[in-house]
Amino acid sequence: MRNFFDGFWRHKAKIGVLLVTVLLLLWLVVAWQRSILLLGDPDPVAKGIGAAYLVLPAIGAWALVREVLFGIRTEEMARILEAEGGLPVDDLPRTPAGRIVREAADNIFPAYKAEAERSPHDWRSWFRLSCAYDASGDRTRARRSMRDAARLFVRGRAKKDDAHQRAG
């Protein structure tokens, strides 16, 4: 968690994440409180609504934890790739507004896709493919590829930990 806060104030995205997280936590507390109040009401309909309403904070808390962990893992993978010199180079042409020219991103995309197909169990190739999807404007596939990279990253770390424990 320490790495999440390194240089925190220099990153607008992290400030936004913190703000949304605080607002979501506030909503979770209020929703939980309201559900408890409804459960205490003698009316059976209110109790039913309170029970159903209790599910919303649980789902919200699960989603919050999942997204924050996703961000932390993504940042950790990016740091590792940067240290290894494996991050994709951001040298694509941009529009005057600063957006990547889609045709240029589409031209380099096949190389990243081929890399991921050659190394389907390497989180690094999925991370780079995610960056290529993002540059091409396909955010849905970019996120899915990054989730695949994170899953492989965690699985690889768990295998290393198991091997380390058996050796030690």
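Is Arg-73 buried, partly exposed or exposed? Before we answer, a word about what you are looking at. This is a predicted model, in which local features need pLDDT of at least 70 and side-chain atom pairs count only at pLDDT 80 or more, while totals for chains, interfaces and linings use all residues. Residues are numbered from 1 along each chain as its sequence is written, and side-chain values use heavy atoms, with hydrogens and water left out.

Now for Arg-73. Arg-73 is partly exposed, with a relative accessible area of 27%. Here, buried means under 20% relative accessible area, exposed means over 50%, and partly exposed lies in between, using a 1.4 Å probe and protein chains only. You can find Arg-73 in helix 3. Leaving aside neighbours within four places in sequence, Arg-73 is in contact with Ala-150 and Val-154, where contact means heavy atoms within 4.5 Å. The C-alpha atoms of Arg-73 and Ala-149 are 9.4 Å apart, although 76 residues separate the two along the chain.

Let us step back to the whole chain. Its secondary structure comes to six helices and zero strands, giving the pattern α-α-α-α-α-α along the sequence. Helices (H or I, at least four residues) and strands (E, at least two) are DSSP runs, numbered from the N terminus. Of the 168 residues, 25% count as buried.

Next, follow helix 2 and helix 3. Two packed helices are described by the angle between their axes and the distance between the axes. Axes are lines fitted to C-alpha atoms, for helices over the stretch in contact, and angles run from 0 to 180 degrees between N-to-C directions. The axes of helix 2 and helix 3 come within 8 Å and cross at roughly 160°. The two helices are therefore roughly antiparallel to each other; angles under 35 degrees count as roughly parallel, over 145 as roughly antiparallel, 65 to 115 as roughly perpendicular and the rest as oblique. The residues of their contact divide into 19 nonpolar, four polar and four charged. In this count, Ala, Val, Leu, Ile, Met, Phe, Trp, Tyr, Cys and Pro are nonpolar, Asp, Glu, Lys and Arg are charged, and the others, Gly among them, are polar.

Ser-35 lies in helix 2 and is buried, with a relative accessible area of 0%. Leaving aside neighbours within four places in sequence, Ser-35 is in contact with Gly-50, Tyr-53 and Leu-54. Leu-25, also found in helix 2, is partly exposed, with a relative accessible area of 41%.

Further along, helix 4 (residues 102-118) and helix 5 (residues 123-135) pack at an angle of about 160°, with their axes 9 Å apart. That makes helix 4 roughly antiparallel to helix 5. The residues of this contact divide into nine nonpolar, one polar and three charged.

Finally, look for the largest nonpolar core. A nonpolar core is a set of buried Ala, Val, Leu, Ile, Met, Phe, Trp, Tyr and Cys residues joined through side-chain atoms within 4.5 Å. The largest one has 18 residues, and Met-77, Trp-123, Trp-126, Phe-127, Leu-129, Met-146 and Ala-149 touch the most other members. Helix 3, helix 4, helix 5 and helix 6 each supply at least two residues of this core. Leaving aside neighbours within four places in sequence, Trp-126 has contacts that include Ala-116, Pro-120, Ala-149 and Leu-152.
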